[in-house]
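Look at the model, then read on.

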Amino acid sequence: MTDIQTSTVPAPLPHAVRKMLPSLLLFSVVLLGLLTLCWALVLPRYTSLELDGSMLPAAQVPVYAYELESKIELAEAARDALTLPPRDETYIALRDRVRAHVSLADIEADIASMLSKTDYGQFVVITAMRMTGGKVELEGDVRHAGPRSMTLLATFVDELAAQPFVTELVPPAFTREDDPKIGPHSPFVIRFNVVSR
Amino acid sequence: MLFPADMLPIRRLIGHPIAHGVGIVAALGLSCLLIFAQVRAVHQLREEALPALSRLPALTARLTALEEQKELMELQRALASGAQDEAIRAYVLPDGPELDRLLSLLDVITQQLEKEGEILHVSPIRVGEAEVDLSDATLEVYPVEMELTMTDAGKDTFLDLIRLSGLLTVSDALPAEETAMLLKLTEQENPAGIAALEQSFLSVDLLRYAREHKALQGRLLVTFPSNAFADSLAAVESSVLLSDARRLLAGDLGDVLQKQNLWPMRLLDVDQAAVERMGEGRVSLSVKLKAYARKTQE
């Protein structure tokens, strides 16, 4: 018996691939050519946007908007400088520095407002307040609260420390004393710094 | 001969399967790059270019309004005098101590509050030697100390007046962001009205504003009639310093300051303050003020 080779027997794989290669190459080159034409001719036509009568590539539009925003910033600054009265810079700098300081009256009002929203505020009596630069010293006592005076004082100190205008608060010594006029009370001296506005 | 004999090696190379393979890989690789680039271009169009395009009309309109306002204000500035700068130099931040005006100012304030029953006693006023201002070497600071016995309301009035000292116009009393907000509103409502905002509000002398604020407000609302502007103006006018100015300067004190040529007030700041409650609605206020002056040339 002999093996008979006919044309129906498939060629070995490497030979088949070798035969396909020219077609595949032709396809790849044609694909590349079409995509290149698309990139060069079709895409710019559909990704350009009309602006003031001229066509701008899409990539340029955000750049144009950014440049417009920069011009707006400059124009706004120039307008503002012309609108407000001209002043010498020494005065402006000093005025702004002084205006940023917090007033003793403001601190008093803020503390009074804070106490008015609590249920123990009526027991806190502030007898003196001193302010030097940004440092405040608050003197007073918690009275008419019976044995709760120290606890209420601690609550007051905690809430005061949590206020946005207070920083670096030094808690007082907690004590209860007896006074012949006001009865048991907890005196305090609380020191803290204020945040500039 | 179609192909010269010396081209045979090249022909063999071109016809070689490896060359075909390289060509396919190269062509497909470049095709992938082109596909990626085109997808990216479409994505950029959708995500960046179109949103930017939609913003352009508003940006262009805003720039046009700002340019118009800038031109108007340039013209206005060319016509304006330097009167405010002169007042600052002469009264607010003078050259040298100018102790007579300083003491007159404190005297007028305390006398007026005494007349109203807010101050019960004033100690002698002590003015110390000039000290250098640590933040600005061109300035010097004169410490001024005094003790007052007063009512609680009197203490607040005194400290509020010190806070108003040195402010010349409405814009001096406004935070920068509120001024910026008003200016932005003019762009949207009536760009040409910016001159009216400046003349009828921002540049108005604070004492005049305290006395005539209703008339000035009316004039402004004719130029900017929208509810949005009216609401914003009301919010701005409710700021602390403008409210204090209306409360404290509109009455007798403002009249006295003007008659005695003590307006605008010398720029003062509170360096130290101590309040002690004395009972029966009275407080003792010990205050150390800083009176600023420009260093005189020696």
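Buried means under 20% relative accessible area, exposed over 50%, and partly exposed in between, with a 1.4 Å probe and protein chains only. This is a predicted model, where local features need pLDDT of at least 70, side-chain atom pairs count only at pLDDT 80 or more, and totals for chains, interfaces and linings use all residues. Residues are numbered from 1 along each chain as its sequence is written, chains are lettered from A and ligands numbered from 1 in the order in which they are written, and side-chain values use heavy atoms, with hydrogens and water left out.

Q: Is A:E69 buried, partly exposed or exposed?
A: The relative accessible area of A:E69 is 29%. Buried needs under 20%, and exposed needs over 50%. A:E69 is therefore partly exposed.

Q: Which residue forms a salt bridge with B:R55?
A: A salt bridge is a side-chain nitrogen of Lys or Arg within 4 Å of a carboxyl oxygen of Asp or Glu. Side chains of opposite charge can pair when their charged atoms come close. For B:R55, the closest N and O atoms are 2.7 Å apart, and the partner is A:E69.

Q: Why does the pair of B:R55 and A:E69 join two chains?
A: Helices are DSSP runs of H or I with at least four residues, numbered from the N terminus. A:E69 lies in helix α2 (residues 60–83) of chain A. B:R55 lies in helix α2 of chain B, so the pair joins two chains.

Q: What is the relative accessibility of A:R79, which is buried?
A: A:R79 meets A:D80 in a salt bridge, at 2.8 Å from N to O. A:D80 counts as partly exposed, at 22%. For A:R79 the value is 0%.

Q: Which residues are linked in a network of salt bridges with A:R79 and A:D80?
A: The network draws on chain A and chain B. Besides A:R79 and A:D80, its members are A:E76, B:R62 and B:E187.

Q: What separates B:D244 and B:R247 in helix α11?
A: The two form a salt bridge, with the closest N and O atoms 2.9 Å apart. B:D244 is buried at 7%, whereas B:R247 is partly exposed at 48%. They are 3 residues apart in helix α11 (residues 240–249) of chain B, so the separation is about one helical turn.

Q: How many salt bridges does the structure hold over all chains?
A: The pair of B:D244 and B:R247 is a salt bridge. So is the pair of A:D80 and A:R79. Over all chains, the structure holds 30.

Q: How far apart are the end C-alpha atoms of helix α7 of chain B?
A: Helix α7 (residues 176–189) has 14 residues. The expected span is 1.5 Å times one less than the number of residues. That gives 20 Å, which agrees with the end C-alpha distance of 20 Å.

Q: What area does the nonpolar surface patch with A:Y46 make?
A: A:Y46 lies in helix α1 (residues 13–46) of chain A and counts as exposed at 58%. Patches use residues with over 30% relative accessible area and no salt bridge; like charges are joined within 9 Å, nonpolar side chains (Val, Leu, Ile, Met, Phe, Trp, Tyr) within 5 Å. Areas come from the Shrake-Rupley method with a 1.4 Å probe; for residues, only the protein chains shown count as cover. The patch, with A:L26 and A:V30 among its members, makes about 730 Å².
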